[in-house]
Amino acid sequence: MTLLMPAPEPEILSRRDELLARLRAILPAQSVIADETARRAYDCDAFTMYRALPLVVALPETVAQVQAIMALAQEMNVKIVPRGAGTSLSGGSMPLEDGILLGLSKFNRILEIDYENRCARVQPGVQNLAISKAVEAEGFYYAPDPSSQIACSIGGNVAENAGGVHCLKYGLTTNNILGLEVVLMGGEIVRLGGKHLDSELYDLMGLMTGSEGLLGVVTEITVRILRKPPAARGLLLGFSSVEPGARCVGAIISRGIIPGGLEMMDKATIDAVERFQPCGYPDDAAALVIVELDGTAAEVDLLVGVVEQIARAEGATTTKVSTSEAERLQFWAGRKNAFPAVSCIGPDYLCMDGTIPRGKLPEVLTGMEALAREHGLRVANVFHAGDGNLHPLILYDASIDGDIARAEALGADILRLCVAVGGVLTGEHGVGVEKRDLMGEMFNEVDLAQQMRVKCAFDPAGRLNPGKVFPTLRRCAEMGAMHVVAGAMPFPDLPRF
Amino acid sequence: MTRLAPRDETELAEALRAANASGAPLKLTGAGSKTQLGRPATGEELSLAALEGVTLYEPEELVISARAGTPLAEIEALLEAHGQHLAFEPMDYGPLLGLAFGQGTIGGLVAVGGGGPRRIKAGALRDHLLGFRCVTGRGEIVKSGGRVMKNVTGYDLSKLVAGSHGTLAALTEVTFKALPKPETEQTLLLTGLCEETSLAALRAASGSPYEPSGLALLPRLTAPLRLDVNAAAIRLEGPAISVARRLDDLRALLAGRGGDFEILPQAESAALWRALRDAAPVAGQPGQAWRVSVAPSDGHALVAGLREAGASLLAHFYDWAGGLVWLCFEPAPDAHAALLRTVIGRLGGHATLIRASAEVRAAVDVFQPQPPALAALTRRVKESFDPAHILERGRLRAEF
């Protein structure tokens with residue numbers, strides 16, 4: 001284990017009994033999980049490399065209970081780690097041994113569907129896909145569709161600003177929500193946005209989205225729902241190597257076409273997928289590009305023709321156009337199976353999430369191959385090619401001594417490479433604990449201090465999900481959160497933390 | 001009054017460090033086209049105009065970066081030459097504020113945020129700002145975000161600076177998504193219905209699969225069309241074949257509601273939406289102008305509520321299928337803020353006073369008042385960037 005989390009505070013551990021008693025005064029007995037075996041179920045999220053046993057798991061089901069817990073935590077100076085469905089790939093909801101794990105799974109109701117205003121009010125524990133299911137009969141859907149959408153919760157999506165395969169055209173979570181209700185440390189409630197567009201003064205809703213549970217606990221979300229496009233067709237394009245595939249992606253976008261989906265897979269992934277569950281991908285292709293065009297039928301048919309032409313011009317060895325809904329889904333089947341398929345050849349994998357300027361793809365791929373050789377590991381690649389978001393899957397075997405450390409080291413090198421070409425550490429999975437110690441590759445001390453000061457504005461005692469996102473823990477007062485001019489505080493009437 | 005005009009980011013940081021130490025407030029300007037927005041701020045003027053120039057433009061990567069003082073017109077012309085645009089359709093405040101067209105810098109645009117008619121489909125400025133560099137009120141050079149389309153590394157501070165009116169930091173460089181311009185556009189007008197029925201038709205279009213990129217209602221006699229009946233305008237953009245088909249489909253969807261259809265071809269359609277983007281229906285009237293954001297289905301209730309209460313409306317129109325309402329009132333000392341905010345308090349949403357004299361803008365809440373917990377949080381966020389309140393003091397609130 002190389003990951004250092006803030007050391008459990010003995011002072012907190014010593015008051016566990018008092019904390020449990022007071023939590024039981026707020027929640028029904030079965031909603032306070034104190035038993036060690038039961039707590040084990042919560043010792044990690046989908047980033048399973050590191051685990052910790054939470055001090056206690058609290059499962060509130062009303063906003064008043066969340067407020068009471070947040071007030072209690074502040075009063076007792078206890079840490080809180082919020083958790084949705086536990087599907088974070090970056091350890092965003094990894095528990096703390098001296099922290100309350102605040103599970104929002106009981107907030108599982110869709111409160112209102114308002115077609116007139118194209119939105120729905122939902123609780124944070126509602127599963128992502130459940131929103132689309134609830135509105136599909138009327139022809140609507142909720143656009144962001146992370147691969148984990150059958151499991152992940154909308155609250156977790158907000159915390160991580162989750163994406164999916166349709167981001168390039170339809171945006172991430174942040175572009176698809178209208179309102180949030182947030183409980184702050186201490187128990188105060190703020191409502192941000194609503195059914196109307198855009199914020200009054202600072203866009204705190206935008207700030208909250210993707211803040212990884214470090215600023216507040218979201219208890220209600222107003223999401224925007226979209227009308228399903230009447231037609232969608234897929235193209236499956238095979239290439240003899242990654243370079244022409246990448247050029248084809250660039251050429252499509254240069255023509256002014258923004259496809260609903262634009263994905264790419266390398267040879268290692270294609271092979272893994274075909275072994276896992278054959279779906280008819282061409283066996284001579286070293287790179288596959290899947291394009292989905294959606295809109296009205298006339299427009300889709302027109303654009304399919306244009307994309308086909310572009311693909312041929314870029315030397316595609318296969319160009320297949322879906323002629324039925326079943327065939328379109330068949331094109332996607334392999335892509336959707338990519339992660340489980342790769343885990344069959346792994347046997348373990350570490351999923352990276354860098355984003356790069358799309359044009360750097362060939363350079364980064366070559367670089368990654370060299371790095372993988374250096375570390376003695378293999379990498380399979382799936383990309384959200386349209387927006388340059390890479391998911392290199394580093395294959396390792398946890399039962400081999402030192403393999404985990406090698407995989408992590410390779411992952412870090414790959415992300416450094418992404419940053420070096422103008423990209424970023426994470427496109428949609430979040431920093432969490434996984435990429436926390438790499439933040440310095442992208443941001444200098446001053447950049448990070450400003451982000452931490454924003455955190456201080458929400459959580460001056462640093463009790464909400466500490467140890468995530470930022471490589472160092474610093475006290476708010478230390479960073480000059482308070483500013484003194486000529487011996488006097490500005491606006492002395494304002495209460496200070 | 002001396003005018004500070006740093007030549008680069010380093011000089012700017014020096015100036016802001018000095019101000020932070022002395023507590024002397026500064027007003028940030030670029031082209032000076034937006035000084036009438038928000039409350040009047042106090043302090044010495046600091047010009048960012050010298051921080052100028054496009055620093056990166058890669059059309060095939062859909063990304064453009066420019067220093068904050070770069071004229072917006074220059075950026076728009078460059079994008080236009082490559083068949084691209086800023087898809088959120090930034091408003092030109094010139095006509096409304098009695099200034100010339102086409103002024104303003106990209107930094108000033110970020111400072112006021114917002115989005116035009118296409119907001120409903122393409123998002124607002126906040127959705128297109130990928131990253132930035134700035135000097136905070138502490139005088140520290142800070143960067144956030146990046147130049148790639150998808151990025152969740154660290155807090156999304158781009159959202160915070162968009163629309164912050166320069167109260168958090170002086171921007172030095174901003175990076176935007178540049179998206180392909182639609183090939184063609186046409187507008188379907190549905191005329192002759194009452195406001196309520198027209199708005200219901202716009203909401204029906206909004207919930208249709210025909211991807212409207214503009215949904216506005218011009219009350220009768222309103223500029224720029226000045227028809228003698230109400231006109232609901234629905235813009236469709238895309239390849240010609242697709243626009244033509246969707247126009248037919250929309251007519252079929254909206255038939256049976258009464259009223260008459262008319263189609264505005266490309267040039268007329270473009271002119272109409274440019275005028276609506278710049279709030280032409282209220283810009284030409286002499287009164288005090290408000291911009292109100294409500295749930296689309298509440299747009300009509302807002303105007304009806306104001307009329308019931310006897311408000312002296314000179315002009316109004318709706319955008320965003322009723323979700324955005326522009327109002328122009330007979331001038332009053334409080335700009336009708338009390339009445340307007342009572343009605344909005346019932347409905348939810350927010351109202352911003354856009355055009356009024358400096359005295360009026362100093363006397364009333366230009367921006368929607370916030371409940372205490374949110375107001376306190378807003379202030380703490382402000383102070384996390386600008387602890388001495390040196391930037392645009394008084395712009396957002398009398399107390400900061």
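Two strands are taken to pair if DSSP finds at least two bridges between them. Helices (H or I, at least four residues) and strands (E, at least two) are DSSP runs, numbered from the N terminus. The structure is a predicted model, in which local features need pLDDT of at least 70 and side-chain atom pairs count only at pLDDT 80 or more, while totals for chains, interfaces and linings use all residues. Residues are numbered from 1 along each chain as its sequence is written, and chains are lettered from A and ligands numbered from 1 in the order in which they are written.

In β10(A), Thr222(A) is the bridge partner of Gly179(A). Strand β8 (residues 177–183) of chain A runs antiparallel to β10(A), and 6 bridges join the two. Thr222(A) in β10(A) also stands opposite Arg121(A). Strand β6 (residues 119–122) of chain A is paired with β10(A) over 4 bridges, again in the antiparallel sense. Strand β10 (residues 217–224) of chain A is mostly covered, with 8 of its 8 residues buried. A residue counts as buried if 20 or more other C-beta atoms, placed from the backbone, lie within 10 Å of its own, as exposed if 12 or fewer do, and as partly exposed in between.

An open sheet of 4 strands in chain A has mixed pairing and the order β1-β2-β4-β3. Its edge strands, β1 (32–33) and β3 (79–83) of chain A, each pair on one side only. β1(A) runs antiparallel to strand β2 (residues 56–58) of chain A, to which 2 bridges join it. Within β2(A), Val57(A) stands opposite Ile33(A). Helix α2 (residues 16–26) of chain A packs on the sheet, where it touches β1 and β2 of chain A, and its direction makes about 15° with that of β2(A). Helix α4 (residues 63–76) of chain A also packs on the sheet, touching β2, β3 and β4 (99–103) of chain A; the direction of α4 makes about 170° with that of β4(A). Axes are lines fitted to C-alpha atoms, for helices over the stretch in contact, and angles run from 0 to 180 degrees between N-to-C directions.

The domain assignment of chain A, which is automatic or from a database, gives domain 1 (10–103), domain 2 (110–227), domain 3 (231–339), domain 4 (346–434) and domain 5 (445–497). The C-alpha centres of domain 2 and domain 4 of chain A are 29 Å apart. Their contact takes 8 residues from domain 2 of chain A and 9 residues from domain 4 of chain A, where two residues are in contact if their C-beta atoms, placed from the backbone, lie within 7 Å.

For chain B, the assignment gives domain 1 (9–180), domain 2 (184–277) and domain 3 (280–363). The C-alpha centres of domain 1 and domain 2 of chain B are separated by 32 Å. Between these domains, 7 residues of domain 1 of chain B are in contact with 10 residues of domain 2 of chain B.

The contact between the chains takes 80 residues from chain A and 71 residues from chain B. On the side of chain A that touches chain B, α17(A) gives the most, with 8 residues.

Where pLDDT is low, the predicted coordinates should not be read in detail.
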